[in-house]
Protein chains: 2
Amino acid sequence: LKPLTVGIGLIGCGTVGGGVVELLRDQAAEYTRRLGCRLELRKVLVRDTRKSRGLKLPRGLLTADPEAFFSDESIGVVVETAGGVKPVGDLVRRALESGRHVVTANKALLATRGNELFALARRRNVCIAFEASCGGGIPILGALKFGLGANRVDAIYGILNGTCNHILTQMSENGSPYAAALAEAQKLGYAEADPTLDVNGADAAAKLAIVASLAFGVNVKLADVRHRGIDQLHIDDIQFGKELGYTAKLLAIGQRLDDGLALGVEPCFVHHHEPLAQVRLSFNALSVFGHAVGHVMFLGRGAGRMPTASAVVSDILNVVGGWYPTAFETLRLWPDQQRPARLAHPDRVTGRYYLRVSAHDKPGVMAKLTRILGDHGISISAVLQHETAGDGGVPVVVTTHQARQGAVRAAAAKMARLPVVRGKPVCMRIIDLPSG
Amino acid sequence: LKPLTVGIGLIGCGTVGGGVVELLRDQAAEYTRRLGCRLELRKVLVRDTRKSRGLKLPRGLLTADPEAFFSDESIGVVVETAGGVKPVGDLVRRALESGRHVVTANKALLATRGNELFALARRRNVCIAFEASCGGGIPILGALKFGLGANRVDAIYGILNGTCNHILTQMSENGSPYAAALAEAQKLGYAEADPTLDVNGADAAAKLAIVASLAFGVNVKLADVRHRGIDQLHIDDIQFGKELGYTAKLLAIGQRLDDGLALGVEPCFVHHHEPLAQVRLSFNALSVFGHAVGHVMFLGRGAGRMPTASAVVSDILNVVGGWYPTAFETLRLWPDQQRPARLAHPDRVTGRYYLRVSAHDKPGVMAKLTRILGDHGISISAVLQHETAGDGGVPVVVTTHQARQGAVRAAAAKMARLPVVRGKPVCMRIIDLPSG
């Protein structure tokens, strides 16, 4: 028999938690109509109950006492929007142990304690829903689990960090240098005061670990994902890429290769015709290549109060409605049930590459560079060299045909040692998406 | 207790049905691993068992006899890929009546007999899964039902017919006239021998009826959706739109307005920066604007053997896994459970418009046109008039600011009666997507 009311307990009431409270309040009638039962917020566990949150919460709802929170027997679903691993991990553990379903937006928690928590949930016959942990409001995990289940996924390409995408869009469209574009993103509230984990690619890497686990049906650890950010990216490369028809994007990539998965986050060039190249500003997107469906792309807001709350509350509906718990029990797709990901050797990843060296304007430079590429079995696709004002440093850009990453890295290292070359060559992947 | 094997009965073994057979055969091990039970094709009901299908079907699987098909007690899920309403509707009815779940790709069947079949399924405690009926391989129905459940959907904009989108892309990018672009689409196998239902917008309208029912939680009938196709579209308008920064797309639009829903299919202009404008060739897409999530877009192959089979087989997995039947039972979102859609008066729909008249090259034409617009309370956003070779017919293009459709239609009718104007003015909506 279905209950008439399901009690919700909320851990954390910041930006996303506040959005969850608003949705549960403002859409209550519609949710009741859809589910045939009422969702009622029963307790909100916070660190400081006196902090102003701009929400009109009924008296007695807020508590800083975990005992008071967990002793409320009417709570059937615990929603965690506090973030971080400590002390939240232990609270989530306690929720599962006490037989409550858990909805969480916490990618850091899943990355560090996911296996333990998934296994515990299964033992206690409850579920963990985590759509909001990746891609904010875009229902990409649901699509991978349910919408594309018939497919063997061959590759995924994601724009999973809105801060980086905003910065890259400004650099590309307005010619803003990196520092100015970052400052603007911070002013607009997209970038944290300390944006390190965004701009160095670590945030996108944590999301890729979760998405790749579901897409490829393996257990991907955080350490399996190599990452490079946009913090070293020079405006010149974005402009040269543009001249060649490419848009720079920080891509989270997972590819199924012969010897295993290639997983990584790095700034790449994508042809400006590709849907992924058109994902602008703070939007996120995930392109999935399934062996049957071909190319499918999901686009939307990857962060922010209401988009993330949308994913959290949709998860609540899916849990309370009963179908998600059934899927959690039946579907053998959860990271803790999978074998560890076998990784491809990064040097063996093949692709096209963009190389820029800063060379002294002397005769024979191009011959030396092309010679090195030839020696490494790399053939050239295009060359770009502009006339310069003559301060002695000439940027020479070369794009390659398909080549092994290891060979390209070795060639770049050799170029760096040429006396006519100044500094380290810049090397970026050019992503030719499957025609899907 | 979960069964170790679930029998599948397939009705129809053409393009899509053949793809379903292939997936069930080639991915069998992986599906068994995911579900913990085997899917076994037990019977394939076709009109002619002797027809060559290029599939190595085991002896005895094919039958032309519905009695043999339905008497196989091991069949728990009936998959319908035959298409059409007769005799398929009665076969689907029989499947439901005999207690089988149904998976179908048949939008025509759902549009004409959906209410009856959904109600029957509910009475018999089985479900109907129909992801493949709209948007081919893109899991848009699942996203609306489960991924975005927390949202009040305010608007949807879909590119739901790949034939039209292929033709429009060729007209826009290569300057091909309509007839040539249609011939190419036919040569490539995207357009049927009789492409009428594709190019006149009827196919997109049937899909919009299904998508809008789920998005807005109402019962949308086929007759609720007005449609205009691309068959009257002139290459000149596509080129003028391009000059103004717009891309022509056949859009299926549903908008929640004050007095009801506005539902329609028509060729529109979209700013070339918008993700929808970048959906090229035979790809489909759906943009959803939810009150919490903002803009979410789903893109992929809207038709074709394997993309459609991907949606059908994903549905089979969701049905056999047990979560979709739970959702079908619990979620009150199915068309037969909803009140009929209340429709907004089409004249009250506001938007921006593109108008082109062919005028005799005489002084005062522009004054007359702008006067008519002013008289109807319509203000002008941009004007485009090129110098001409002087055969007497000058195209004059005007784009408007926000205006009521009724006013724009009335103004266009008045322009048509001006002696200096030749033929009927061309009138197209310009879609300014919410900033979402």
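This report walks through the fold of chain A and a few backbone details in chains A and B.

The model is predicted, so local features need pLDDT of at least 70, side-chain atom pairs count only at pLDDT 80 or more, and totals for chains, interfaces and linings use all residues. Residues are numbered from 1 along each chain as its sequence is written, chains are lettered from A and ligands numbered from 1 in the order in which they are written, and side-chain values use heavy atoms, with hydrogens and water left out.

**Chain A as a whole**

Let's start with the overall picture. Chain A has 15 helices and 17 strands; these are DSSP runs numbered from the N terminus, with helices being H or I of at least four residues and strands E of at least two. Its radius of gyration, taken over C-alpha atoms, is 24 Å, close to the 22 Å from the globule rule for 436 residues, so chain A is as compact as a globular protein of that length. That rule is 2.2 Å times the number of residues to the power 0.38. The C-alpha trace spans about 80 × 45 × 35 Å along its principal axes. Of the 436 residues, 60% count as buried, where buried means under 20% relative accessible area, exposed over 50% and partly exposed in between (1.4 Å probe, protein chains only).

**A parallel sheet**

Strands of a sheet pair through backbone hydrogen bonds, either parallel or antiparallel. In chain A, an open sheet of six strands runs in the order β3-β2-β1-β4-β5-β6 with parallel pairing. Its edge strands are β3 (62-63) and β6 (128-129), each pairing on one side only; two strands pair if DSSP finds at least two bridges between them. Strands β4 (residues 75-80) and β5 (residues 101-104) of chain A share four bridges, and A:E80 has A:T104 as its bridge partner in β5(A).

**A buried threonine**

A:T163 sits in helix α7 (residues 162-174) of chain A and is buried, at 5% relative accessible area. Leaving aside residues up to four places away in sequence, A:T163 touches A:Y190, A:A191 and A:D198, a contact being heavy atoms within 4.5 Å.

Most residues other than glycine have a negative phi, and most peptide bonds are trans. Here are the exceptions to look at:

| Site | Backbone value |
|---|---|
| A:K86 to A:P87 | cis, omega near 0° |
| B:K86 to B:P87 | cis, omega about 0° |
| A:N125 | positive phi of about 65° |
| B:N125 | positive phi of about 65° |

A:P87 is in the loop between β4 and α4 (88-97) of chain A. A:N125 lies in the loop between α5 (107-123) and β6 of chain A and is exposed at 58% relative accessibility, while B:N125 is exposed at 57%.
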